[in-house]
Amino acid sequence: MDDKKYFAPISGEFRKQQREWRYRRRQAPAELKQLQLLWLVALACFAVYLPVEVLVRASSPPWSQLWPRLGILAVGVTVLLVLRLPACRRYRDGISSLGLLLAMACYGSLLASRETAGSGALLLLLLGSYLFSPGGFRLHCLTGVVGSAAAAWLSWPQVPALELSYLLPANILAALALGQFNRSRRRLYLREQRLASLHRRNRSLLYNALPRQIALQLRDNPRRRPVRFVPAATVLFADIVGFSQLTRNLSPPQLLALLDALFSAFDGLAERHGPEKIKTIGDAYLAVTGLSSHRHDAALQAVAMARAMHSVATRVGRRHQLQLSLRVAVHHGPVVSGVLGSKRYAFDIWGETVNIASRLQAEAEVGGTLVSEAARVACHGTLCLGPPRILELRGCGAIRAAPLLGFSASATSRQSGWPLPRQTGLRRRG
C-alpha cells in the first residue's frame, strides 16, 4: 500500500476528504463508546486519588485546592452526561475538546499551589487530548496547544516558565504520535474495506454459480452435498435452430459474442419471470421453476418465459444481422436437484422430467414452444394451445403435448379439454 497516495504526511488522515468523512462516519459509534469509557475511567481514578491525597497532605489543608478539583470532577461528569444525549452525539468532538480544555485549565490552577503533583496529571491529559479524543488532527492540536497555554497562564508566576517548558516538546511528540496513530487506524480501515469488497465479490460469484440456498448450505457444511427431491417442478429447455450452420458461418469471436448476448438476455428474462437458470449445454438453455419456491403459478412463470424467449432471440439475431430461431419445450414433473463432486461445484437437476423436456424440444416447431399435458395441467387452464399430439419420445414413451399459442383465462375445448386459441373465434356449444 502506497502511504503517500492515501495519507497526508503529518496528520495521517486520508488525502481525499470524502473518504475521510466516510471513515469518520463509520467509526463514530465506536469512538463514542471509547470516549465515554475513557472519561469514566479518568473520573474513577480522580475520585479515588482525591481522598488519598487529602489524607497524605493532612498537615497542610488543601482547602484552597478544593474548588479546582471539584471543577475537574464537574467537567468530567458533565461531559459524560452530555455525551449520552442522542442530540449531542454529533457534537462529541467539540464537547470532548472543550471538556479537556477546562480540565487542563483547572490543573494549571492546581500547579500554582505548589502543593500538588499536578504536572503528571496535566501531561496525561495533554496526551489524552491528542490520542484518545475523536475529531480531526487540527482539532487535536488546537486542544493541546490552547490547553497547555491556559495551564501555563494560570500557574504563572508561581511556576517558572522553565518548569513548564516540557509542554512544548510534549505537544510536538504527541502530534507526531497522533499522525502515526491515525495512519495505522486508517490503514486497517482500508484493509477491512478491501476484504469486505472481496468477500462481496466472491459471494456474488458463488450466488451466480449456485442457488442462494445451496450456496449457504455448502458454506455452512462443505462436506455435505445438498441433494433434494422436488416432487413438482417445471423444466424449460430451449435450443437454437441451425446452430451447426452458424458455427460454420461465424468466426469464433462472432459466435461467442452472439451466444453471450443471447444467453445474457435469457438470464434477464429468468430474473424477470421467475425461473431459475440451471446451465447452458452448448447452444441449449435449461431453466426450472418450483425448486426454491412453492408458488401456485410457478409453471406459468416458465411458460411465460418460454414465450418471451422467441422475441428476444429475434431481436438479438437482428442486432447481429442473423435470422435466429428457437425450439422450446416445457414439461412438469418430479426432479432431483443438488451438487455432486468435490471440485468445481455445479448445480444441476436430474430425472425423467428433464429428459422429456429435452426430447420435446427436438419435436417443437421452428420458432415455437411445445407444452406437455403435465405442464398444461400445472398452469390451471390459463394457456391457449394448439391441437395436441401424441409423441413417441426415445426412452420416454408416449407423451401428449401441444404448441403454445398464447394465454387464455376461460376458453376451453369440450372434446379434448385443451384451451382453444382466442383468435379462432370458436365458441363452446351449450
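Phe263 and Tyr285 are both buried (under 20% relative accessible area with a 1.4 Å probe and protein chains only; over 50% is exposed, and partly exposed lies in between). Keep in mind that this is a predicted model, where local features need pLDDT of at least 70, side-chain atom pairs count only at pLDDT 80 or more, and totals for chains, interfaces and linings use all residues. Residues are numbered from 1 along each chain as its sequence is written, and side-chain values use heavy atoms, with hydrogens and water left out.

**Aromatic pairs**
- Searching the whole structure turns up 8 aromatic pairs (ring centres of Phe, Tyr or Trp, taking its six-membered ring, within 6.5 Å; planes under 30 degrees apart are stacked, over 60 edge-to-face, the rest tilted).
- One of them is the tilted pair of Tyr6 and Phe7, at 6.3 Å centre to centre with 50° between the planes.
- Tyr6 has 15% relative accessibility, so it counts as buried, and Phe7 is buried too because its value is 1%.
- Phe263 and Tyr285 also make a tilted pair, because their planes sit at 35°, with ring centres 5.9 Å apart.
- That pair ties together distant parts of the chain, 22 residues apart: Phe263 belongs to helix α10 (residues 252-273) and Tyr285 to strand β3 (residues 284-289). Helices (H or I, at least four residues) and strands (E, at least two) are DSSP runs, numbered from the N terminus.

**Charges over rings**
- Arg19 has its charged end over the ring of Phe14, 5.9 Å from the centre (NZ of Lys or CZ of Arg within 6 Å of the ring centre and within 35 degrees of the ring normal).
- Over the ring of Phe181 sits the charged end of Arg185, 4.4 Å from the ring's centre.
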